[in-house]
Amino acid sequence: MASSKEYLNFILEQLSELEEITHRSMMGEYIIYYRGKIAAYICDDRFLVKPVKSAAELMPDAPHELPYEGAKEMLLVENIDDKEFLKRLFNAMYDELPMPKKRRKNNDNN
């Protein structure tokens, strides 16, 4: 089941107090970037964040869920109505998020 545009727009509105929130569509789901780093996924109308230490500390009872089959577990954010909490969560997580991997350019001219 793909995530709805309405759910994406709701989450983006909830994150609107943060600067540099961007997203990318991926096979009917969405990747959420914070200041250039992957911070969360929207999958099946669920908001999932990377299970970094600060996120686990802020959400100690958060369920661990798979965004899609074959993926690593992430933390389900259940408190999506609280903009201040989401802002605190993303700011706490930022330093622990991995830098994006550089994409290699295909230089094959054969």
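Helices (H or I, at least four residues) and strands (E, at least two) are DSSP runs, numbered from the N terminus. On that basis the protein has 3 helices and 6 strands, and Ser3 sits in the segment before helix 1. This is a predicted model: local features need pLDDT of at least 70, side-chain atom pairs count only at pLDDT 80 or more, and totals for chains, interfaces and linings use all residues. Residues are numbered from 1 along each chain as its sequence is written, and side-chain values use heavy atoms, with hydrogens and water left out.

**Overall fold**

- Along the sequence, the elements follow the pattern α-β-β-β-β-α-β-β-α.
- The radius of gyration (taken over C-alpha atoms) is 15 Å, close to the 13 Å that the globule rule gives for 110 residues, so the protein is as compact as a globular protein of that length. The globule rule is 2.2 Å times the number of residues to the power 0.38.
- Along the principal axes, the C-alpha atoms fill a box of roughly 55 × 30 × 25 Å.
- Contact means heavy atoms within 4.5 Å. Of the contacts with a separation of 6 or more, 55% join residues 24 or more positions apart.

**Surface and charge**

- Buried means under 20% relative accessible area, exposed over 50%, and partly exposed in between (1.4 Å probe, protein chains only). By this scale, 39% of the 110 residues are buried.
- The accessible surface is about 7,300 Å², and carbon and sulfur atoms hold 48% of that area. The area comes from the Shrake-Rupley method with a 1.4 Å probe.
- The protein carries 16 positive and 20 negative charges, and their mean positions are 11 Å apart. Lys and Arg count as positive, Asp and Glu as negative; His and the chain ends are not counted. Each charge is placed at NZ of Lys, CZ of Arg, CG of Asp or CD of Glu.

**Two buried serines**

- A polar contact is a pair of N or O atoms within 3.5 Å; within protein, one must be able to donate a hydrogen and the other to accept it, and residues adjacent in sequence count only if both atoms are side-chain atoms.
- Ser3 is buried, at 8% relative accessibility. Its side chain reaches the backbone nitrogen of Asp44 at 3.0 Å.
- Beyond its neighbours within four places in sequence, Ser3 touches Gly28, Glu29, Tyr30, Ile42, Cys43, Asp44 and Asp45.
- Ser54 belongs to helix 2 (residues 53-58). Ser54 is also buried, with a relative accessible area of 11%.
- The side chain of Ser54 makes a polar contact with the side chain of Glu96 (2.6 Å). Outside four places in sequence, Ser54 is in contact with Ala92, Met93 and Glu96.

**Positive phi in loops**

- Glu20 lies between helix 1 (5-14) and strand 1 (21-26). Its phi is positive, about 65°, although Glu20 is not a glycine. Glu20 is exposed, at 52% relative accessibility.
- Met27 is in the loop between strand 1 and strand 2 (29-34). Met27 has a positive phi of about 50°, and it is not a glycine either. Met27 counts as exposed, at 79% relative accessibility.

**Ile38 in strand 3**

- Strand 3 (residues 37-43) includes Ile38. At 24% relative accessibility, Ile38 is partly exposed.
- Setting aside neighbours within four places in sequence, Ile38 contacts Ile31, Ile32, Tyr33, Lys50 and Leu97.
- Ile38 and Val49 are 11 residues apart along the chain, with their C-alpha atoms separated by 9.0 Å.
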